[in-house]
Number of protein chains: 2
Amino acid sequence: MGRPPLPLLSPDRITSAAMDLVNSTGGFSVPQLARALKVRPSSLYNHVAGREQIVELLRERAMSEVTLPADDPARPWTEVVADIMRSYRQSYARYPRLIPLLTAHAVNSEHALTMYNTLAVTFSRAGFDPADTLRAITLIDSFVLGSALDVAAPDEPWSTGAEVGPELTAALTTGSAKPARADDAFEFGIAVLLHGLAAVIPGAERN
Amino acid sequence: MGRPPLPLLSPDRITSAAMDLVNSTGGFSVPQLARALKVRPSSLYNHVAGREQIVELLRERAMSEVTLPADDPARPWTEVVADIMRSYRQSYARYPRLIPLLTAHAVNSEHALTMYNTLAVTFSRAGFDPADTLRAITLIDSFVLGSALDVAAPDEPWSTGAEVGPELTAALTTGSAKPARADDAFEFGIAVLLHGLAAVIPGAERN
């Protein structure tokens, strides 16, 4: 009697197992992954080139729900950028513990590149010079990834008994339950960022 | 011949071992921590109440280099908030993999509370109502933590061979080496956020 057959190994199955490890422990190693899949590490290398490629497969999955708006040069740049921010955050909020792993690795995923290219084209059309385009993309990345982490924050941000002053108490009292509170703060952040970009970029079209 | 004596267990030593685990693997469990310290899990509970308390000790350490400006109601709120953002990012940039662990847990650390109280007082004095104060604090948190992750990003954000369009290529060419590139983008982000806040908050003093 042989062992029951295991599902065939594939890049997709390897990615799912790596994602499970990241979600539960915060990271993955190739030996851990092999153990989780009940194969030898060498078997994994028949399907993926190594850890770096698995990280890129995880990035593709994190980005899988990012939808980019149709290319329309007549549309206000602020609307295009806001749409991308919303979709980008929504997609990454599913995998908060993956975020520091992805930001620590150079990007080599087609989906991610398409998004960054779209942002660069949009800022360039809006009159941003190349240096400000790079700064604006970095700002959006930082804000969106931080906001994706906020989606996973607890409903009660403070432990009871914490010494919260009157101003902070008043602020916290206004907050609705999650996820509405995170969504509200994110939309506020989008408005602040877009107004701020229009204010600090000399050539940016105001629209 | 007995075993060589181990250093005495203490909350500080437990925190250091947990931080090492988070830095190398992305997370920690109490059994892993006990193995790393060569003690039984039950011994840990003589020094810390449990995993939650260890997370708060890690937060205290992540926040240990946050310095708050002296309380001066006459100083422009934009300067106070910018100082806090710089110090907060600098302190967290040392431990990027810790960030999703901290954002997933309710805050119960005195140092963190003092910072949030200071932000609430500052926004309140600047004319923000309580709801906008909560939104502004959330925005700052998201932007700063995302920017702390950017500090740990690779010097070359793209793998060679990636299909980068002309606008993105032009933008990337302007970037200096890290950490100057991350610092430059962060200062740009601070300026955008402060201009944006002044623009969207009806009662905010412009200064």
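Ser91(A) sits in helix 5 (residues 77-92) of chain A. Helices here are DSSP runs of H or I with at least four residues, numbered from the N terminus. The model is predicted: local features need pLDDT of at least 70, side-chain atom pairs count only at pLDDT 80 or more, and totals for chains, interfaces and linings use all residues. Residues are numbered from 1 along each chain as its sequence is written.

Ser91(A) has 0% relative accessibility, so it counts as buried. Buried means under 20% relative accessible area, with a 1.4 Å probe and protein chains only. Neighbours within four places in sequence aside, Ser91(A) contacts Ala62(A), Met63(A), Ser64(A), Glu65(A) and Val66(A). Contact means heavy atoms within 4.5 Å.

## Helix 2 and its buried face

Helix 2 of chain A spans residues 30-37. Its buried residues are Val30(A), Leu33(A), Ala34(A) and Leu37(A). Viewed down the helix axis, they fall within an arc of 100°, so they line one face of helix 2. The arc is taken from the directions from the helix axis to the C-beta atoms.

These buried residues pack against three elements of chain A: helix 1 (11-25), helix 3 (41-44) and helix 4 (51-62). Just after helix 2, Lys38(A) adopts a positive phi of about 55°.

## The two chains

Conventions
Chains are lettered from A and ligands numbered from 1 in the order in which they are written. Side-chain values use heavy atoms; hydrogens and water are left out. Buried means under 20% relative accessible area, exposed over 50%, partly exposed in between (1.4 Å probe, protein chains only). Helices (H or I, at least four residues) and strands (E, at least two) are DSSP runs, numbered from the N terminus.
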